[in-house]
Amino acid sequence: MTIPNELAARLMRRAFLGQAGVGFGSIALGSMLARDLAAKESSEAITAKYEGLRGFPHHAPKAKRVIFLSMSGGPSHLETFDYKPTLEKMSGEPMPASYTEGQPIAQLQGKELRCQGPMTKFGRYGENGQYISDFLPWTAKIADDICIVRSMVTEQINHDPANTFMNTGTAISGRPSMGSWINYGLGSESENLPGFVVLTSTGGRNPQPIASRQWSAGFLPSRFQGVEFNATGDPVHYVRPPKGVTLDQQRQLVSAIQQLNAHRNELVRNPEIDTRTAAYEMAFRMQSSVPELMDISEEPAETLDMYGAKPGDGSFASNCLLARRLAERGVRFIHLYHRGWDHHGGLVRYMGVCCKLTDQPVWALITDLKQRGMLDDTLVVWGGEFGRTPMYQGKGGVGRDHHIKGFSMWLAGGGVQGGITHGATDELGYNSVDKIVHVRDLHATMLHLLGIDHSRFHVKFQGLDSKLTGVEEAHVVKEILA
Amino acid sequence: MVLFPRGRVAIAFAVILGLTSHVLPEAGASDAIDFNRDIRPILSENCFYCHGPDANHREADLRLDQFAGATADLGGYQAIVPGDPAKSELVARIMTDDDDLLMPPVDSGKKLTKRQVDLLRRWVADGAKWSEPWAYVTPKRHPSPRTRDSRWPRNWVDRFVLGRLEKEGLSPSPEADRVTLIRRLTFDLTGLPPKPEEVDDFVNDRDPGAYERLVDRLLASPHFGERMAIYWLDLVRFADTVGYHGDQDHAITPYRDYVIEAFNANMPFDQFTREQLAGDLLPNPTLAQRVATGYNRLLQTTHEGGLQPKEYRAIYAADRVRNVSGVWLGATVGCAQCHDHKYDPYTMKDFYALSAFFADVNDEAHFRNGTNTLPARRDPEIWVFEDDENRAKLQHWEGKVKSLEAEFKRLTPPKPKNAPKNWKPEPLPAGSPTRAKLETIKGKLKTAKRVRDDLMKIGRRTMVTVATEPRTTRILPRGNWLDETGEVVLPAVPEFMGKIGDDSSSRASRLDLAYWLMSPEEGVGGLTARVFANRFWYLFFGTGIAKVLDDFGGQGEPPVQPELLDNLAIEFLESGWDVKRLVKLLVMSQAYRQGSVAPESLRSKDPYNQLVGRQSRYRLPAEMVRDNALAISGLLVDQVGGSSAKPYQPAGYYRHLNFPTRTYSHHSDQRQWRRGLYIHWQRQFLHPMLKAFDAPSREECTAQRPRSNTPVAALTLLNDPTFVEASRAFAERIVREGGSTPESRLDFAFRHAVSRSPDEYEAATLTRLLETSRKLYQDEPKDAAELVATGLTPVPNDLDQADLAAWTMVARAILNLSETITRN
C-alpha cells in the first residue's frame, strides 16, 4: 500500500521539528512536547521516519547504533573479569569492617560478613593478557575486541531501581531510557521498524522481574519508547491482522480508512489526520517487516550454529542473532536482557547455566558483526545493573549479595579500543579505586561515541534541563576511545 | 489571606492590576513590559540556576530572583541599577563580546536571543519593575472587560475571552453545529458517545433551554463521576499494583468508587481533599471517609527481599511530597529533596517539613510481613461491602472463628517443650466428653469459616490510613538516607507561604495541612483554586490558561489570561468549591460552544488555542477510545464502580513479572466489557491498549497526558481483539437493526459511530469494501467463521457468516476513522 503521492511528498517536505530556529535539544523538545501535548494544530506533521534533532550529531560519530546486552540480576565481577588473589587468601575470614561500615547492604543486613574467595579459575587472554574467568571461554576468544572496565560504580542496590538507574541515569520513575534519548537525538534509520527494540530471554536463577519502565520514553514523546519484540505469539503486540483476515484484506481495509480520513480532512483540515495517515502507513508496513525480521529460519545453518540459535526458541542466542538482523535494518538501539544473574546462592551452578546460555552467543555476535564489517560502527555493551559482594552469602549454596561500589562491564566496537582493561577495584574487589567509571560516565561515553556531547543534550522537564547523565558532572572515559 | 504574611499583598495587588493592560502573549517593541510575563521566564531559564533561590549553589553571591538581591551593592557596582542600563552590570554582561565575561556563560549551553537581550535592557531602562511570582499572589476578582460585540457573550467567561480576542484583532469562531455540540458535551461530561436518539432529540429541540437541559442531564448522569475520576486517578497515581520490583497487586479499588461517588454527589472539593488526606482524623469518620484515606497509600511500594527500610522510608516520603505538591499546589517541591529549589522559593527544609505531615501514616507492615505474596500484604486494610449488613456479618463471623479457635486450643493438650517436629497430640479416648466437645467445635469452626470466606468473596479489601506515632523526620543532606546528621524537622508548610495556625506547641497534622490547602483566609486556598480552575479549563477547552498544569512556578508558564483565571478561581472558592457549578459555567459559555474548524490565520496566530478563538479538537483519552467502541457496538457494560476488570490482553505479556510469576486470565463474564477506567492497572505492564493511547503508568502525578498518534496505536485499533470483537458485534447490530439495504445499514452504522449520515463518497468507499470482502468471504467461509468468532460474545447462528464478516470489515473501518475517535 502506498500513501497518495501528493500527501507523501507533503509529509516529506515538512521538517520534523518545524520552522523554529532550533539550536539545542532542549528548545527543540520544548516545541515538540508542547505540540504533542496541546491539540496539535500547527502546520507540521510527523514523517514516518524521524530525522533527529537539528544540529545532531554534535561531532562525527564513531558508532551509529548500540547493542546493549543487559545481564540483569547483576553478574559477579569476581567470577568474570576481576581476579582477586588476596580475596582468595582471605576466604572465610571476617570481612574487614573498614570496608563495610556505613555502607548500604541488601540481603546481608545484620548478618555476619565473611570474605568469599573467587569460585573459579582465571586465565589471561589476548595480546595484553586480560583476565577472564573459566566461566567465559568464548568471551576469552574475543579478548582483543573488548575493553573491560573493572571500576564501575552505581548508586542503587536493589534490582528495580538499579536497572532504572542504569537505563535512565536516575532511580526516579518517569525518565526516558537511554535508547529513547538516543533515538530522540539522532533519529531513526529505518522506515519499517521502531528505532528502539527490546528482546528478553530467561535461564539461570529464578529470574528477576523486569519492568517495561526500563524501556519507557519517560517524558519524551511516546514514539521514542522501546518496542518489545516477542519470540512467541505476536512478535509485536497486535502486529498480526485478526484471525480470518489476510494481509491483502488488511491492506484494503487500511486503504479504505486512509481514503475516508483524507476525504473528511478536506472539510475539517486537521493536520492530526495527516499524521494519522503516516502512522497507519508505518503500521501496515510493520505487519510484514516485523514477522519477516523475526523469522530467522532463513539464516544459513552455519550462522544458526555459530550462535547456537534455534528459530523461535526465544533464547539469548536467537536474540543475539536478531540483534544483528535489527542492526542491519537500521535500528538505532537494540536492548537485550538476560535475567538469570541474581546469584545469592548456588553461584557456581547458576553461573554455569547463565554463561552456557550467553557466552557463545556473545562471541558469535561480535564475530558476526566483525565479519560483516559492522563492528566498527556498532557499539556493543555488556554488563549487569551492579556487581556482587566480596562477602559470602549462603542462600542455597555459596553465593554473593548485591554490590554497587565496584563491578565490571565491557564495551566493544563503535570507536572503543579492544584488548584493554580499564580501572581497578581494591584488593578485595569491594571499592573501585582506580579510574572509577560511574554509570553517568558510561552514558557520557556512549553518547560521545554516537556523536553527542552529553552536556549539550538536555530536555526541559519540570523546569529543569534534564540530561541522561543527570545533574552531577559526568566525564567521557577518553582512555578507552580508539 | 496569609500567603505573604509580611505585608506583600499590596505589591501583589498592584501587579495584578498592572497585568490587565497587557494583552499580547509577549511584549512587542512598543508594549510596556510585564515582569512576570516577559522578564521572569528569561531570568528563570537562564540565570536562576546559579543566581536563584538555592543558597548553596549561588555564584558571586548574586541573587536575581528578588529585587533586593538584584539591586544589592556588589562592591561598588550593582547587577541592576533601575532606570540606568549603562550602570547595570547585568546589561553589560549579557551584551559583551568577551566570551569570558558573557552571561549566561558559554559553557552553560544557554544563550540569550537578541530579542531577550533587548527586553532585559528595556526593562532595566524602564525602572526594572519587579513583581512577585504570579502563582503566589492571592487571586482577586476583576471586572469583566467591555467588548465591542455585546451579543456574542453569554456569560462573564465569554466577556473575558471575547475582550482578549478583540484586542488581538481576532474574532471568535461561529457556534458548532448541534450534532458536534451534543457529541462534545457527552464525551466531555460522561466520556461516552451520545446515542442516535439523543442526538435526534437535541437537534430537533429548538427550545432555547434545550442546551442547558442537555448539560443538566449529563451533569446528573452517573457517568459524570466516572469521567472526572479518569482525570483524578491520574493525578493521585491510582493503580492496582505496588509498582516496584514484583509489582504485586494491592487492594485499593473501593477508593476508586469513592472518587466516582464524590464527583457524582458533587461533594465540595475542600471536603473531598480533607477526606483523602486526613479522613481518619475527622471526628467519627464514616466508612467512606476511611476509604478516602486510601489516598495516602497510593504511592509505589517495594516488597523486594533485601530492601532497606530506611531507604524506602525516604523514598516514600519523597513520593508523597511530590504528589501532594503536584496535585494541590501545582508545584515541583520534589526538586528540593537534595538542594534548595533552583527556580522557586522552596527550601530543602520545606521539603522535609512537608514530608513530616505524613510521618504518622502507618505504612511499615510490609517491611516486616512476608514479601512476594499476591496480593501484597499492605496492612492496614479494611473490608468494604456494598451494604453495611454484610460488613457487620463478616465482623461477627470473624470473631466467631477466632473464639472457636481459641476454645479448641484450650481443650487440646499443650505441646510439650521438647516435642519432635512431627509431634501430634495423643488422640483422646473415643467417647470422652472432651473429645465430643472438640468434635462439636470442629464442626462449628468449619461452618464459621465457610460463612466467613463466602462473605470475603463478596467484599473487597482496601488500604486505608491509620495514624501511628510519627516517625522522626530529618533533613537528609543531599537526599542521602544513610546520613543521619541532618536537623530534625516538624510538619510545616513551605516557609515563604506562611504557617499553619499560631505558634502553639501541638504538632500540625494532615488535617491541618488539608485545611491549609483549601482555606483562602488561613492558607493557600486561592492558589489551590487557581490550580484546579486551570485544570478544569484544560478538560473542557483542551489547553490550560496557564499551559503547564503541574508547575505554577518560575519554570512553568504564566497564564495567558490571568484575570480570567483569577475570576474562575474566586468563583470556585465562593461557590463553596462546587465542582458541577464550575463545570456548568464553563460548558454553558459561548466560548465552549464554538466550532473547532478554524481558518489557517487563527491557527498560526494561536497554535495552542490559548486565546480560545475556537474549540480544540483532539483524540479521545485512552479509556474513552475503548468506551466509545464498546458503546457503539452495544457491548458496553456500564455498571458504575466495583473491582477491576481484565479485558483481553496479549498472551505472555506479564512473563517478565516475578515474585510470584503471573499469568493473566481475562475475565469471561460481564467484566470483559466494562469501561476503561476499571481496567486492571498494572504499573509495570500497563495494558498495551491503554499504553498505546497514552494512559500513564501512574507511577507519578500526571496532570496532562501526551496526545500521541503512533503506528502502535494504529495497530491496536486495527487488531486488538477488543476492537475486532466490538466490530463484529457492531456488524451484527448493523445487519439486524439497520434495515435491509446497504444504504440504510451504512446510514445506521454512521449514525451510531459519528452521529451523522455518510455522504456519497463515504457510502461508495465502504460499499466497495463491503462487496470485495463479501466476495472473499463467500470463497473462504473458514476465514469468515474465524473473524466473526473473535472474542467471547456468542456467534449468531441465524446470520449469513460471509455477510456478517464483510460487515465486520466495514465496522472495523468505521471504528478506525479519525472522526470516530476525535472529540471536536
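## Basis of the model

The model is predicted: local features need pLDDT of at least 70, side-chain atom pairs count only at pLDDT 80 or more, and totals for chains, interfaces and linings use all residues. Residues are numbered from 1 along each chain as its sequence is written, while chains are lettered from A and ligands numbered from 1 in the order in which they are written.

## Overall form of chain B

Chain B contains 33 helices and 6 strands, taken as DSSP runs numbered from the N terminus (helices H or I, at least four residues; strands E, at least two). Its radius of gyration is 31 Å, close to the 28 Å that the globule rule gives for 824 residues, so chain B is as compact as a globular protein of that length. The radius is taken over C-alpha atoms, and the rule is 2.2 Å times the number of residues to the power 0.38. Along the principal axes, the C-alpha atoms fill a box of roughly 105 × 85 × 50 Å.

## Annotated domains

UniProt, in an unreviewed entry, places "domain: Cytochrome C Planctomycete-type" at residues 47–107 of chain B; such annotations may be inferred rather than shown by experiment. This stretch is 25% helix and 0% strand, with its end C-alpha atoms 13 Å apart.

The unreviewed UniProt entry also lists "domain: DUF1549" at residues 157–362 of chain B, where the chain is 56% helix and 0% strand and the end C-alpha atoms are 45 Å apart. From the UniProt record (unreviewed entry) comes "domain: DUF1553" at residues 510–769 of chain B.

## Packing of α13 and α20

In chain B, helices α13 (residues 269–278) and α20 (residues 510–518) pack at an angle of about 155 degrees, with their axes 9 Å apart. Axes are lines fitted to C-alpha atoms, for helices over the stretch in contact, and angles run from 0 to 180 degrees between N-to-C directions. α13(B) is therefore roughly antiparallel to α20(B) (an angle over 145 degrees).

Residues in contact have C-beta atoms, placed from the backbone, within 7 Å. On α13(B) they include B:Asp270, B:Arg274 and B:Leu277, and on α20(B) they include B:Arg510, B:Leu513 and B:Leu517.

## Contact with chain A

In chain B, 81 residues are in contact with 73 residues of chain A. Elements giving two or more residues to this side of chain B include α31 (760–779) and α33 (801–815).

Note on methods: Angles under 35 degrees count as roughly parallel, over 145 as roughly antiparallel, 65 to 115 as roughly perpendicular and the rest as oblique. Two residues are in contact if their C-beta atoms, placed from the backbone, lie within 7 Å.
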